Each structure stands twice: as structure tokens, then as C-alpha cells.
Amino acid sequence: MPHSVSISVFGAGSWGTALAAVLARHGIDTQLWGRDANAIAAMREQRRNARYLPDIELPATLQYTDSLAQAAARPLWLIVTPSHAFRELLEEPAMRAAEPAGVAWATKGFEPGSGRFLHEVAASLLAAGTPLAVVTGPSFAREVALGLPTAVTVHSDTQAFADQIAQCLHGPSFRAYTGSDMVGAELGGAMKNVLAVATGVADGMQLGLNARAGLITRGLNEMLRVCVAIGGKPETIMGLAGVGDLVLTCTGDLSRNRRLGLALGRGVDLRQAVREIGQVVESVQTVNEVMRIAQRHGIELPISEQVQRVLAEEITPQEGLKCLLAREQKPEYPAYLFR
């Protein structure tokens with residue numbers, strides 16, 4: 001257990017708080033950073049995140065700060081902000097001036113607008129040679145904060161850094177595996193949010209368990225096709241970063257993206273549904289980036305395409321379902337996927 005490690009977790013939402021709690025419980029010198037000085041002061045005093053995890057007591061050893069310079073001074077960073085804030089954080093003067101020994105993130109999604117993977121964004125902003133890693137997998141923040149059994153995977157081009165981050169996270173109820181396929185791991189973590197909307201819509205429309213299983217499986221097929229096209233490894237999508245996260249997000253009602261689909265399937269207006277969820281719903285932006293990748297590589301993604309059209313309010317969920325059911329019969333998998 002690397003007790004001598006010192007790490008800052010950036011982002012005091014539910015997921016950032018949960019991961020900071022895991023690290024602190026494992027004896028890691030951990031500091032949680034958030035922009036809201038009042039919220040950070042309250043967390044320090046109450047040992048609770050009153051907004052996101054109000055009924056869960058946080059470790060006494062967990063430290064808190066609203067000073068970006070203080071947080072950036074630590075050698076290891078774990079970024080847990082929404083994807084749209086990822087670049088903004090790394091471009092902060094205090095972050096640009098720091099020289100971290102390694103940067104990991106548990107953020108899922110693409111950079112809005114450019115569609116770049118977050119490892120590409122990080123590499124463009126950090127000093128050349130800075131080790132990078134992505135932490136991903138099936139992990140609801142609340143269950144992690146409660147100490148319930150969870151498994152994630154840490155992917156990096158630098159094996160020693162993947163091992164270091166995984167060792168920090170690994171503990172009695174939190175298993176951390178490692179891998180070297182950053183692009184495949186990031187794709188799985190982003191794309192599962194889009195497919196969770198589709199399964200949520202189907203469940204909101206009360207289409208049954210057969211329909212849910214069919215959508216999850218065909219959604220996995222879409223993830224595999226994109227992964228292979230962009231140079232990722234199919235086995236990454238068949239692991240925690242892909243099918244693991246996909247199943248959790250498509251079936252668990254703690255998923256914001258599934259809840260969005262459920263609301264849309266029941267006839268709730270998109271803006272009202274997002275407002276009621278009250279937190280960032282990544283799929284609204286992510287689906288556009290997924291479809292840009294698909295168009296670039298000439299890949300058909302029928303489920304993702306209909307999700308995009310529904311979220312753009314071009315069609316109703318019922319019309320999207322009709323389009324899917326009208327597709328022609330074909331082989332289950334393209335021949336090239338498993339050569």
C-alpha cells in the first residue's frame with residue numbers, strides 16, 4: 001500500500017467525493033478540491049457532502065481545499081470534473097504552473113465541440129512525458145462512498161503509473177485492475193451514457209425486459225464497432241470499461257442518463273427531465289461526439305443515431321423506436337470485428 005503518496009482530487013461532486021473517500025480510507029494522503037469555498041468549508045466541518053452525499057460520513061483523514069494552487073502543488077492529480085470542465089481546469093494558471101508527477105482522471109465523455117478524447121486534451125496541455133491514466137468502470141458514486149463492493153480499471157500508456165493509481169485505489173471493497181488501452185477505455189466510459197438513454201426510454205415506455213436486453217446487447221455491438229475503427233482493443237469493451245459500465249448504467253436507476261431516458265419514455269419534456277435530475281447529464285453532449293466519430297469512419301450506429309435525434313427533439317421516442325424496428329435483417333456481428 002503506497003502510504004507515502006500524496007494526491008489531490010479535483011471536483012467535489014458525488015464521484016469526486018466518493019473517490020477521495022476511498023483513497024483516504026486506504027491511508028493515502030488525500031486532499032479534495034472544489035470551487036465553492038462555502039461548500040468546502042461545510043464539508044470540512046461536517047465531514048459530509050451535504051449536496052451530493054448528505055447521509056454518508058467522510059473519513060476523518062480526508063483534507064479539503066478551495067485553493068487551486070494548494071491542490072495543484074501535490075504530485076499526483078485525480079481529476080473528477082464533468083467533461084465540459086476538463087480543459088477549463090487544466091488551463092487554469094495554477095494548474096499550468098504546476099509540475100505534477102502524474103495525472104489521472106475519472107471523468108467520462110469527450111471534449112465538447114472538438115470531440116477529442118480526454119487523454120488527447122491532457123497531453124496537449126501538460127508537460128511532455130507526464131504520465132496519464134483514466135479510471136473507469138461500473139461505479140455509482142453513492143455505492144462507492146458507502147463502501148459497497150466495486151471494481152474499476154485503470155488504463156495508461158505508462159504501466160508503472162497505471163499500477164501506482166490502481167494500488168492507491170485498491171482495497172478490501174474496491175478492486176482496481178489495469179490496462180493499456182486508453183482510447184478503448186475512454187470510449188466505453190463515454191458511449192455507455194448514450195446507450196443508457198435508449199434503455200431508459202424503452203423502460204419508460206414499458207417495452208419489457210426482452211427489449212432492454214436487446215438494446216444493451218446491440219448497444220455493445222455499436223461500442224465494439226467504434227472501438228475497432230479508432231484503434232482500440234475489443235477486449236477493453238468486453239471488460240469493466242465497456243460491458244461492465246454499460247450494464248450498470250443501462251439497468252441502475254442511480255444513472256442520470258438512464259433516468260433521463262425513463263423520463264423521456266414516459267413523455268416528459270427534455271428540458272424538464274434534465275432540470276429534475278439536477279446534475280450534469282453527459283449523454284446530451286456525448287451523443288453528438290459519438291455520431292461525429294461514426295460519420296468520420298463510416299460506421300452505422302442505429303441506436304446512437306436515434307438517441308441523438310430524440311435528444312435534439314427532431315423525433316419522439318416512439319418515432320425512434322419505429323425506425324429501429326424497421327431496419328432490415330442482417331448478421332449479428334460484422335465479420336471484421338473478431339478477425
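**View 1. The largest pocket and its lining.** The largest pocket has 47 lining residues, and those nearest its centre are Gly13, Ser14, Trp15, Arg256 and Gln279. The model is predicted, so that local features require pLDDT of at least 70 and side-chain atom pairs pLDDT 80 or more, whereas totals for chains, interfaces and linings use all residues. Residues are numbered from 1 along each chain as its sequence is written, and side-chain values use heavy atoms, without hydrogens and water. A pocket is an open set of points on a 1 Å grid over the protein atoms alone, where a 1.4 Å probe fits, with protein on both sides within 12 Å along at least five of seven lines; its lining residues have an atom within 4 Å of a point. The volume of the largest pocket is about 1,400 Å³, a volume being the space filled by probe spheres set on grid points that are joined across faces, edges and corners. Two or more lining residues come from each of helix H1 (14-25), helix H2 (37-46), H4, helix H7 (141-146), helix H9 (182-204), helix H12 (240-251) and helix H13 (256-265). H2 provides the largest share, four residues. Helices (H or I, at least four residues) and strands (E, at least two) are DSSP runs, numbered from the N terminus. By class, the lining holds 20 nonpolar, 15 polar and twelve charged residues; Ala, Val, Leu, Ile, Met, Phe, Trp, Tyr, Cys and Pro count as nonpolar, Asp, Glu, Lys and Arg as charged, and the others, Gly among them, as polar.

**View 2. The second largest pocket.** This pocket contains about 530 Å³ of space. It is lined by 23 residues, with Arg218, Pro302, Ile303, Leu324 and Arg327 closest to its centre. At least two lining residues are supplied by each of helix H10 (209-229), helix H16 (302-311) and helix H17 (317-325), and H10 gives the most, with seven residues. The lining comprises twelve nonpolar, three polar and eight charged residues.

**View 3. Aromatic pairs.** Four aromatic pairs are present in the structure; rings of Phe, Tyr and Trp (its six-membered ring) pair if their centres lie within 6.5 Å, and planes under 30 degrees apart count as stacked, over 60 as edge-to-face and the rest as tilted. The pair of Phe10 and Trp77 is edge-to-face, because the ring centres are 5.6 Å apart and the planes stand at 70°. Phe10 belongs to strand S1 (residues 6-10) and Trp77 to strand S4 (residues 76-79), so the pair ties together parts 67 residues apart in sequence. Both Phe10 and Trp77 are buried, that is, under 20% relative accessible area, with exposed over 50% and partly exposed in between (1.4 Å probe, protein chains only). Phe86 and Trp105 also form an edge-to-face pair, since their ring centres are 5.6 Å apart and their planes are at 70°. This pair links distant parts of the chain, with Phe86 in helix H4 (residues 86-90) and Trp105 in strand S5 (residues 102-105), 19 residues apart. Phe86 is buried at 1% relative accessibility, and Trp105 is buried at 0%. One aromatic cluster is formed by Phe10, Trp33 and Trp77.

**View 4. The surroundings of Arg47.** Arg47 is placed in the loop between H2 and strand S3 (63-65) and is partly exposed, with a relative accessible area of 30%. Its side chain makes a polar contact with the side chain of Glu57 (3.0 Å); a polar contact is a pair of N or O atoms within 3.5 Å, of which, within protein, one must be able to donate a hydrogen and the other to accept it, and residues adjacent in sequence count only if both atoms are side-chain atoms.
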